[in-house]
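User: I would like a close look at one part of this protein, the aromatic cluster and what surrounds it. Please keep it brisk.

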Amino acid sequence: MSSGKRAFTLVELLVVISIISLLMAILVPALNKSRILARRMVCASRLQQLGVALIAYGNSDDKGRLPESNGYTLKYIPRSSYTMLRAILPKGSDNIFVCPEYTLFKEQNITKLTDPTLNRKYRWEPFPSSYDDGKGMWIGYFYLGGHDLSKWDWKFIPPDAHKWVSPRTVSDSGKLPLVVDLVEQANGEWFWTEVVHRKGGYAMVYTSGSVEPDEIGADGGNSLHMDGSVVWTNIKHLKKYPRSQPGPYRSFGYWYWPDH
């Protein structure tokens, strides 16, 4: 005797599975893109908070000076300046000194790149971290403020790179970039390329030759300006600048500059 209940046929079950698989194929990339955009927005928010602290630091100085740099690397802030910035920021705000993409990076294998020497595994320590026997702190951005660029020897700048201006006081032009995401290429004694915003997550790869950031999938970067605005720029529109004293050993950063 029939119970009146109808079971699924194999064909119907396969159709349902196919529909679910199709929906997953459509939704998963969209979900991943949403997560990437969310992390990018968190990064922009942290930059804005760091900008508020930097401007507050400058306003506390009798000449309106922003934190000084050591004049060598844009990733460095003297420990005294770092301590003052932490005092300005709310407690537990150390994560403001680094883009959230770094929290995703512990150990990964960079694969399927055109140069097989790139397919290696790398590790990286979290920021901020001590530098120069504790005299300074590495941060997870390029800090463009407080540099005396008049002492740089610009004759070494290559044709595809640009000069830039370092904001040194709170009264400097509001359009000047102050802090930007890390997109870096170094050529010389060592070769490496470092990218924060990338579909596969943060990557820093060492190679035997020069590798452009877009070759390892760089998406672009945020830039915080003196007026407090944060601008996202696609990698195609980022420009190349010396991120250290120009010379035979060349290290470049890529960021957005309104004049170029």
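Analyst: The protein averages a pLDDT of 79, and 76% of the residues score at least 70. Two stretches need caution. Residues 104-110 stay under 50 in pLDDT, with 27 contacts beyond four places in sequence. Residues 118-126 are also below 50, and the model gives this stretch 36 contacts beyond near neighbours in sequence. Where pLDDT is low, the predicted coordinates should not be read in detail.

Now the cluster. Ring pairs join Phe142, Trp152, Trp154, Trp164, Tyr241, Trp255 and Trp257. The structure holds 7 aromatic pairs. One of them is Phe142 with Trp255, an edge-to-face pair at 6.2 Å centre to centre, with 70° between the planes. This pair links distant parts of the chain: Phe142 sits in strand β6 (residues 142-143) and Trp255 in strand β15 (residues 250-255), 113 residues apart. Phe142 and Trp255 are both buried.

The rings of Trp152 and Trp154 have another geometry to look at. Their centres lie 5.5 Å apart and their planes meet at 35°, so this pair counts as tilted. Trp152 is buried, at 7% relative accessible area. Trp154 is buried too, at 16%.

Next, the nonpolar core. The largest one has 45 residues. Trp164 and Trp255, from the aromatic cluster, are among the residues with the most contacts inside this core. Tyr141, Tyr143, Leu178 and Val179 belong to that group as well. Several elements each supply at least two core residues: α1 (10-60), α2 (79-88), β6, β7 and β15. The largest share, 6 residues, comes from α1.

Val179 shows how these parts meet. Leaving out residues up to four places away in sequence, Val179 touches Leu47, Leu50, Leu54, Tyr141, Phe142, Tyr143, Asn222, Ser223 and Leu224. A second, separate core has 9 residues, including Val195, Val211, Ala218 and Tyr254.

Then the charged residues. Lys151 lies in the loop between β6 and β7. Lys151 is exposed, with a relative accessible area of 63%. Asp148 is partly exposed, at 26% relative accessibility. Glu68, Asp148, Lys151 and Arg168 are linked in a network of salt bridges.

The count for the structure is 11 salt bridges. Another one joins Lys75 and Glu184, with the closest N and O atoms 2.8 Å apart. Lys75 lies in the loop between α1 and β1 (76-78) and Glu184 in strand β8 (residues 183-187), so this pair ties together parts 109 residues apart in sequence. Both Lys75 and Glu184 are buried.

Two charges sit over rings. Arg40 lies over the face of Trp232, at 3.7 Å from the ring centre. Lys240 lies over the face of Phe252, at 4.6 Å from the ring centre.

Technical notes. Residues numbered from 1 in each chain as written. Predicted model: local features only at pLDDT ≥ 70, side-chain atom pairs only at ≥ 80, totals over all residues. Heavy atoms only, no water. Phe/Tyr/Trp six-rings, centres within 6.5 Å; stacked < 30°, edge-to-face > 60°. Helix = DSSP H or I, 4+ residues; strand = E, 2+ residues; numbered from the N terminus. Buried < 20%, exposed > 50% of the residue type's maximum accessible area, 1.4 Å probe, protein only. Lys NZ or Arg CZ within 6 Å of the ring centre and 35° of its normal. pLDDT = per-residue confidence, 0-100. Contact = heavy atoms within 4.5 Å. Core = buried A, V, L, I, M, F, W, Y, C linked by side-chain atoms within 4.5 Å. Salt bridge = Lys/Arg side-chain N within 4 Å of Asp/Glu carboxyl O.
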